[in-house]
Amino acid sequence: MSVTPFERRVFSGMRPTGKLHLGHYHGVLKNWIKLQHESECFFCIVDCHALTTHYENPHDIQQYVWDMAIDWLAAGINPGSATIFIQSRVQEHAELHLLLSMITPLSWLERVPTYKEQQEKLKDKDLTTYGFLGYPLLMAADILVYRAGSVPVGADQVPHVEICREIARRFNHLYGRDAGFEEQAEAAIKKMGKKASKAYQQLKKQFQQQGDLEALERASALVEEQQNISISDRERLLGYIEGGGKLILPEPKALLTPESKMPGLDAQKMSKSYNNTIALREEPDVVAQKIRTMQTDPARVRRTDPGDPDNCPVWQLHEIYSDDKTKEWVQEGCRSAGIGCIDCKRPVIDAVNAELEPIRKRAKDYEDNPDVVRGILSEGCEAAKDEARQTLETVRAAMGLHYR
Ligand code: TRP
C-alpha cells in the first residue's frame with residue numbers, strides 16, 4: 001500500500017568534524033530551526049560517518065561530537081521540538097546497515113559520484129575500505145530506520161538520497177510481499193463478484209500501463225466499497241493495484257537546502273578546509289580582527305581608488321546583514337571612494353557580533369554545564385531508539401529473522 005507512515009518526518013545528519021561556523025549557521029542550521037517548528041525532526045550527529053574518513057585518529061571525533069551538540073543547541077535547535085542524538089549510540093543504524101548490505105549491489109555504491117571524488121581529494125588518507133564504500137548505505141540506514149519522508153541536504157548529498165530511495169524500493173520489492181501474495185490477491189479479486197472484478201482488473205491495468213492516477217483512485221474506491229471481503233483481502237487488493245505488496249520502507253525525498261551565500265574571509269566559500277571561517281563561538285574581538293583583515297576588492301589598492309562591491313566579499317556580507325540604507329551607503333561610498341574599506345566593514349562587524357552574542361552566551365552556559373548537554377543527548381538517543389527499534393522489528397520479520 002502506498003501509505004508512507006511518517007511522510008512529514010524529517011531526518012538529517014551532520015558529520016562531527018570540528019566547531020561550526022557562520023556558513024553552517026546560515027546554510028543548514030537556520031533551515032533546521034525553521035523545520036523543527038513545522039515537522040517532527042530527528043537531527044543526528046553521525047560519528048560513524050566521521051569514522052569512515054577519520055578512522056586513524058578517532059579520539060578527536062568525540063570532542064567534535066560534544067562541540068557539535070553545543071553549537072546546535074546554542075544556535076537554537078530546541079530539544080523540546082527536535083530529537084537530537086548520536087548515531088553510534090543507536091545501534092539500530094548499524095544493524096539496518098548490515099541487513100541492507102545483503103541486498104545492495106556493489107555497483108550502486110561504486111557509481112556514487114562522491115566515492116571516487118573524495119578518494120581523489122583526500123589522497124593522504126587510505127579510503128579503499130569497506131566502510132568508506134558503504135558510506136551512502138549507512139546514510140540510507142540512518143534515514144530508513146526512522147522511515148522519514150524528508151531529508152534536508154545540500155546539493156552534494158542528493159545522489160545519496162537517491163540511492164537511499166533505490167535501496168528502499170529494492171527492499172520493498174523483495175520483502176514487501178508475503179509468500180503467496182499474488183495468488184491470494186487473485187483469489188480476493190474473484191470474491192468481489194463478476195462485475196466488480198472486471199472493473200478492478202481494467203482499472204489496475206490502466207494504472208499500471210498508463211500511469212493513470214484517476215484509475216488508481218477509482219480502483220481504490222471500488223475496493224473500499226466492497227461489503228463482502230475481509231480486511232486483509234481489502235489491503236491485498238489495494239496493494240495489488242500498484243503491483244507491489246506492503247510498503248515497509250518508504251522512499252524519502254531530498255529537501256534541497258538553499259546554498260549558503262556566506263563568503264569566507266578570502267572570497268572563497270566559507271569552509272573549514274579553506275581555513276577562512278568565523279566560528280559560531282568566536283570572541284567579539286576575534287570577529288572584528290578577522291573581518292578587518294578580510295579581503296576586499298583587489299582593484300581598490302589605495303583609499304582614494306574607487307571600488308566595486310561586485311568584486312568584494314565584504315559586500316556579500318552586507319547583503320546578508322545590512323538594511324537598505326546601509327547598503328546604499330556602501331554602494332555609493334565605495335564606488336566614489338567616499339568611504340574606506342574599514343568604514344565599510346564596521347557595520348558588518350557590529351551585525352555579526354550582534355548575531356553571535358546570544359549564541360556565544362548560550363554556548364558558554366552549555367560549556368559550563370556539560371552534564372546538561374549529556375542529558376539532552378541521552379534523552380534524544382532513547383527517543384530515537386524507541387522509533388528505530390520498531391522499524392528493525394518489522395525489517396527483521398520481513399527478512400525471516402524473527403526467532404520467537
Ligand atoms: N553525508 C551527510 C553529509 O556529509 C551527513 C549524513 C549522514 C546525512 N547521514 C545522513 C545527511 C542522513 C542526511 C541524512 O552532509
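A search of the whole structure finds 23 salt bridges, where a salt bridge is a side-chain nitrogen of Lys or Arg within 4 Å of a carboxyl oxygen of Asp or Glu. Keep in mind that this is a predicted model, in which local features need pLDDT of at least 70, side-chain atom pairs count only at pLDDT 80 or more, and totals for chains, interfaces and linings use all residues. Residues are numbered from 1 along each chain as its sequence is written, and side-chain values use heavy atoms, with hydrogens and water left out.

**Stop 1: Lys191 and Asp233.** Select this pair and look at the side chains, which meet in a salt bridge at 2.7 Å, N to O. Lys191 sits in helix H10 (residues 181-191) and Asp233 in helix H13 (residues 231-241), so distant parts of the chain, 42 residues apart, are linked. Helices here are DSSP runs (H or I, at least four residues), numbered from the N terminus. Is Asp233 buried or exposed? Asp233 is buried, at 5% relative accessible area; buried means under 20%, exposed over 50%, and partly exposed in between (1.4 Å probe, protein chains only).

**Stop 2: Arg335 and Asp308.** Next, select Arg335, whose salt bridge with Asp308 has its closest N and O atoms 3.3 Å apart. Arg335 is in helix H16 (residues 324-335), while Asp308 is in the loop between helix H14 (284-292) and helix H15 (313-321), so the pair ties together parts 27 residues apart in sequence. Arg335 is partly exposed at 40% relative accessibility, and Asp308 is partly exposed at 23%.

**Stop 3: Lys364 and Asp368.** Now move to helix H17 (residues 341-368), where Lys364 and Asp368 lie four residues apart, about one turn of the helix. Their side chains form a salt bridge of 2.9 Å, N to O.

**Stop 4: between two domains.** Colour domain 1 (5-176 + 250-261 + 370-398) and domain 3 (281-367); these bounds come from an automatic or database domain assignment. How many salt bridges are counted between domain 1 and domain 3? The count is two. Select Asp67 and Arg281, whose side chains meet in a salt bridge at 3.6 Å, N to O.

Finish with the area buried between domain 1 and domain 3, about 1,200 Å², of which carbon and sulfur atoms give 62%. Buried area is the accessible area (1.4 Å probe) that two parts lose on being put together, summed over both. In domain 1, select Leu22, Ile70 and Ala74, which lose the most area to domain 3, together 38% of what that side buries.

How values were computed
Helix = DSSP H or I, 4+ residues; strand = E, 2+ residues; numbered from the N terminus.
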